[in-house]
Amino acid sequence: MMIELPVSGVEVKIDFDPEAVMARYGEERESRLQRKGFGDFERLDDQRDVSSGDPFMPVVEREPVTEEVEVLILGGGFGGLLTGARLKEHNVTDSIRIIEQGGDFGGTWYWNRYPGLRCDVESYIYLPLLEETGYIPTQKYSEGHEILEHAQRIARHYGLYEHALFHTAASSLTWVEDESLWECRTDRGDVVRARYVMRANGPLQKSRIPRIPGISKFQGEVFHSSRWNFEYTGGSNQGGMTGLNDKRVAIVGTGPTAIQAIPYLAEDAAELFVVQRTPCAVDARGNAPTDMEWAASLRPGWQAERHLSFNSRMAQQPVGEDLVDDGFSRSFTYTMGQHLVDVPIGELGMEDTVRLRQLADLWRGQQIRNKIEEIVEDPRTAEMLKPWYGSGCKRPSFSDTYYQTFNRPNVHLLYSPDSIDEIRENAIVVGGEAYEVDCIIFATGFDTGTFDAGVYGYEVRGREGRTLSDTFKDGLKSLHGFYTHGFPNFFELGLSQNGYIANFTFMLDQKAVHVARLLAHTKQNARNHIEPTEDAQSAWVKTIRDLNKPRTAYFMNCTPGFFNGYGNVSRAFFANTYAPGEVAFWEVMNKWWEDGNCEGLILRSV
Ligand code: NAP
């Protein structure tokens, strides 16, 4: 069908009724908001803790450490690694301690090893410091083990192993006013005192297990996707799970993790029950081995150029050609809707542009639903797999095998908008029907969108005993997403009130460079105390909130999920980021550096 844009009368080429689709989106959203269980998570009881512990490496006994260092880095994932690397590169200090919960570096890539694990952002831009370490990923989308190995390569390259305490978690972090130092205590009895603290704990470190009646009675095997039990399943990140050949397996959740794991589980399990609460929208992947001739032709600076191409597209302000050219980067073109009209979109007025974008978003959803109908043979299953929400409501997923998996006779889709009714000793009950299973895998995600003590497992106490949880109870407060008034020399290296759209490691690296530069600058000027003024911080918080208003309106119309705080948009994953995107954010920061007076920061010596 053709519809006309409201102001200009330009025809839009779409083959569905947009009003009917929008009405369906609204109904689905409302019905989900009414249902029990959305955002309702708790840890299993102590006898069955399936989301902590380390199934990959034994914990080695060691004596507690008591020491004083210049910089303490909390977290040894890419955030911590990049911070350590950039501090060394800027010759800031060698007096560094890194505390990491895992048995090695890697963070989320240490814990997540499930079969099928890959980065879904292109590896040539996702894997950081490729030029510095001289490494080229073997595929456009690297497997998990290659990413983990790259994390360890960075640690070796920058000499970071000597600074690490593995299998160690912070239990408290307190500012000692008299000495102008932070004191960190750990679960291994360590006491580390540091002038500066860099928090790089990552948003995906506390796994979520939904609250389901009877969950602790289950007698079979049960684990979270981030603690995969290969002893039970056999195989590896690349599949081959022979331990499941005679097993009935349930996987709960159909987010990006499950989308990657399900085709592998379907290959190996006798029966696979996929428990879906909200269908995921899965776009084409198109992975390929790296063309080594292309790799050899790359000139210095190529990775930065690729980052710019990708980030500018994701912010809908493209620079140069689309070097990444994949589902993420092309989403720019689709979002604008140029392919749906015959006139240049630059000629459309504001009202038409907004409407065209809405239609383009609906069009994208329709393409996915059409694809599902084409691939999935059973019409009832196809219907259940169709997503009914805007494409920005959930993290996009990519796979060339996911929908095909539902044509296998051993795969059963259990659609349960109300979640699982109950778990029995040997079964899950969904929609009133019991399904006997030997193993339950929770691919139910992580606790994101909050910065309170519960998520990271320790409270941060700043000047005059104020806690970060209390300071953030009405929302994040920072200057530029790095520092918070009342918490001197404490830096947030993860997602905060800074630019971020899709490539997490790019954001981490840029933040690491900024902090390394700032510490180098502070030292050169014989200062050792960094804290934002309350006024500068308030102005930045206002900027973030004002710029987020249009996006908040979009999320309010979304189906519940962690992107929109399960309907509570103040807790949404993106609620606090700098809405114009990364390129624009770093332009602000570059200008801040050029101005030369570290506006908004108090730098002094104590
Ligand atoms: P997620 O996106 O939070 O998805 C969790 C899934 O569990 C959703 O399908 C959710 O359904 C479902 N769920 C939650 N509670 C449930 C319940 N009580 N009953 C039934 N289903 C329930 O988690 P994830 O898939 O682990 O992904 C987390 C993040 O990790 C992603 O957003 C992405 O940033 C990252 N990730 C990246 C990659 C990559 O780059 N390769 C791969 C995987 C993950 P609802 O939608 O109804 O809430």
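**Exercise 1. Find which residues touch the most other members of the largest nonpolar core.**

Solution. Step one: the core has 115 residues, and Phe 78, Ile 251, Phe 491 and Leu 519 touch the most other members. A nonpolar core here is a set of buried Ala, Val, Leu, Ile, Met, Phe, Trp, Tyr and Cys residues joined through side-chain atoms within 4.5 Å. Step two: helix 17 (residues 504-524) gives the most to this core, ten residues; helices are DSSP runs (H or I, at least four residues), numbered from the N terminus. Step three: domain 1 (66-206 + 448-604) and domain 2 (210-285 + 360-442) both contribute, so the core lies between them. Those bounds come from an automatic or database domain assignment.

This is a predicted model, where local features need pLDDT of at least 70, side-chain atom pairs count only at pLDDT 80 or more, and totals for chains, interfaces and linings use all residues. Residues are numbered from 1 along each chain as its sequence is written, and side-chain values use heavy atoms, leaving out hydrogens and water.

**Exercise 2. Is Glu 146 buried or exposed?**

Solution. Start by locating Glu 146 in helix 6 (residues 144-157). Next, its relative accessibility is 4%, so Glu 146 is buried (buried means under 20% relative accessible area, exposed over 50%, partly exposed in between, with a 1.4 Å probe and protein chains only). Finally, look at its contacts (heavy atoms within 4.5 Å): beyond neighbours within four places in sequence, Glu 146 touches Tyr 135, Ile 136, Pro 137, Thr 138 and Gln 139.

Notes
Helix = DSSP H or I, 4+ residues; strand = E, 2+ residues; numbered from the N terminus.
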